[in-house]
Amino acid sequence: DVWRAALWSRTRTVLQVEQPNLDECYLADLGAGLQFAAIGVAPARRDLLEATYGHLLLANGMPIGYGGFTTLFAQVNTGINVFPEFRGSEAAFAFEQALRTMHTITGNRRFIVNPYQFGAGNDEALQSGAYWFYYRLGFRSARPEVRALAESEFARLRAEHGYRVPIATLRRLAASDIHLDLSDDAADRFFDEAWLPQLAAGITTAIAREGVADRAEALKRMSTRISGVLDVELSRWSALERKGFAQFAPILAQIDDLAAWAKVDRDALAQVVRARWAVREREFIAGMRGHARLRAALGDAAQRRAARLRR
């Protein structure tokens, strides 16, 4: 109720609050009167590859900001909107602690913030100088040329008292994602979010390849074939799990060498798919984070499709 009131009074809302998973809620005491609340999404409304949570920051019980975080393999996409009346106070400390909580929940060590959060198509973020909020916390632009521009502007900010970065320059800084890595190998496990539309388009191709006009029949055939490859007895799964497997099937059908995978990798994949529909998502998140073969295979499938479209 507090969460909804804080957002509705500002004419805002988020999916996680409107379609909440009341069986997966977290409340972390961050110290200094700060709290971090997080809630998942109801199983029927979940995405396939990404697990998403909404979060709310509170100071002495008063909401001071909100946002969300979404896991994809070994990374977390996140961001925060601190309410205007609380900016410039303890917001940076609060978000640092929020990131620590996200790491605790997900185990992931790379954090990504998309350009909208700090200015791309978002005038409020430009006016607030949101890019520097993240920059001071260690986030750096993914594209080298944007990172170099940020370093130059930040040096000028420190050298020239009263200097304000022009809005036009802030728009240039909002030309790429920004990343925060908590380990040296975080970049090695990166999965480009730009590949997701290619995998989504590949779903239609995989269904069409079944050669039947009825989508349900195509999914049934695909599920039967892929469950055989994974050595899964779907009759032992719940109705929700079987339905979820059918949704996953067109994604897995895009992996050309799935049958050649080692049994340990195929077994782990079956566990990940089944965990997708569990009451809580943390087991699914851990499975996705640890399945390097799946991450690489889906990345390759997406890039192959993109390459074909460029020809």
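Predicted model: local features only at pLDDT ≥ 70, side-chain atom pairs only at ≥ 80, totals over all residues.
Q: How do helix 8 and helix 13 pack, at what angle and how far apart?
A: Helix 8 covers residues 196–208 and helix 13 covers residues 292–310. Their axes are 9 Å apart, at an angle of about 80°. That makes helix 8 roughly perpendicular to helix 13, because angles of 65 to 115 degrees get that label.

Q: Which residues in helix 8 and helix 13 meet?
A: From helix 8, Gln-198, Leu-199, Ala-201, Gly-202 and Thr-205. From helix 13, Leu-298, Ala-301, Ala-302, Arg-305, Ala-306 and Leu-309.

Q: And by class, what is in that contact of helix 8 with helix 13?
A: Seven nonpolar, three polar and one charged residues.

Q: Now helix 9 and helix 10. At what angle do their axes cross?
A: Roughly 75°, and the axes come within 9 Å. Helix 9 is residues 215–229, and helix 10 is residues 239–252. That makes helix 9 roughly perpendicular to helix 10.

Q: Which residues of helix 9 and helix 10 meet?
A: Helix 9 brings Leu-219, Met-222, Ser-223, Ile-226 and Ser-227. Helix 10 brings Phe-245, Ala-246, Ala-249, Pro-250 and Leu-252. By class, the contact of helix 9 with helix 10 has eight nonpolar residues, two polar and no charged.

Q: Where does Asp-231 lie?
A: In the loop between helix 9 and helix 10.

Q: What is its phi, and is Asp-231 positive or negative there?
A: Positive, at about 55°, although Asp-231 is not a glycine. Most residues other than glycine have a negative phi.

Q: Is Asp-231 buried or exposed?
A: Exposed, because its relative accessible area is 59% and the cut-off is over 50%.

Q: What about Phe-73, what is its phi?
A: Near 55°, a positive value in a residue other than glycine. Phe-73 lies in the loop between strand 4 and strand 5 (75–82). Phe-73 counts as buried, at 1% relative accessibility.

Q: Rings next. How many aromatic pairs are there?
A: The count comes to 18 aromatic pairs. One of them is a stacked pair, Tyr-53 and Phe-69.

Q: Why is the pair of Tyr-53 and Phe-69 stacked?
A: The ring centres are 5.0 Å apart and the planes are at 10°, so the pair counts as stacked. The limit for that is under 30 degrees.

Q: Where do Tyr-53 and Phe-69 sit in the chain?
A: Tyr-53 is in strand 3 (residues 51–59), and Phe-69 is in strand 4 (residues 62–72). They are 16 residues apart, and the pair links distant parts of the chain.

Q: Are Tyr-53 and Phe-69 buried or exposed?
A: Tyr-53 counts as buried, at 0% relative accessibility. Phe-69 is also at 0%, and counts as buried.

Q: Which residues touch Phe-36?
A: Leaving out residues up to four places away in sequence, they include Phe-69, Tyr-26, His-55, Leu-57 and Met-102. Phe-36 lies in strand 2 (residues 34–41). Phe-36 is buried, with a relative accessible area of 0%.

Q: How far apart are Phe-36 and Leu-57?
A: In sequence, 21 residues. In space, 4.9 Å from C-alpha to C-alpha.

Q: Which residues do ring pairs link into a cluster?
A: Phe-95, Phe-118, Tyr-131, Trp-132, Phe-133, Tyr-134, Tyr-135, Phe-139 and Phe-154.

Q: What sits over the ring of Tyr-135?
A: The charged end of Arg-140, 3.7 Å from the ring centre. Elsewhere, Arg-276 lies over the face of Trp-277, at 5.9 Å from the ring centre.

Q: Back to Trp-132. What does Val-165 touch?
A: Trp-132, Glu-153, Leu-157 and Leu-170, not counting residues up to four places away in sequence. Val-165 is in the loop between helix 6 (144–159) and helix 7 (167–173). Val-165 counts as buried, at 10% relative accessibility.

Q: Last one. Where is Gly-138 found?
A: In the loop between helix 5 (130–135) and strand 7 (140–141). Gly-138 counts as partly exposed, at 31% relative accessibility. Leaving aside neighbours within four places in sequence, Gly-138 is in contact with His-179 and Leu-180.

Notes:
Residues numbered from 1 in each chain as written. Heavy atoms only, no water. Axes fitted to C-alpha atoms, helices over the stretch in contact; angles between N-to-C directions. Helix = DSSP H or I, 4+ residues; strand = E, 2+ residues; numbered from the N terminus. Parallel < 35°, antiparallel > 145°, perpendicular 65-115°, else oblique. Contact = heavy atoms within 4.5 Å. Nonpolar A, V, L, I, M, F, W, Y, C, P; charged D, E, K, R; others polar. Phe/Tyr/Trp six-rings, centres within 6.5 Å; stacked < 30°, edge-to-face > 60°. Buried < 20%, exposed > 50% of the residue type's maximum accessible area, 1.4 Å probe, protein only. Lys NZ or Arg CZ within 6 Å of the ring centre and 35° of its normal.
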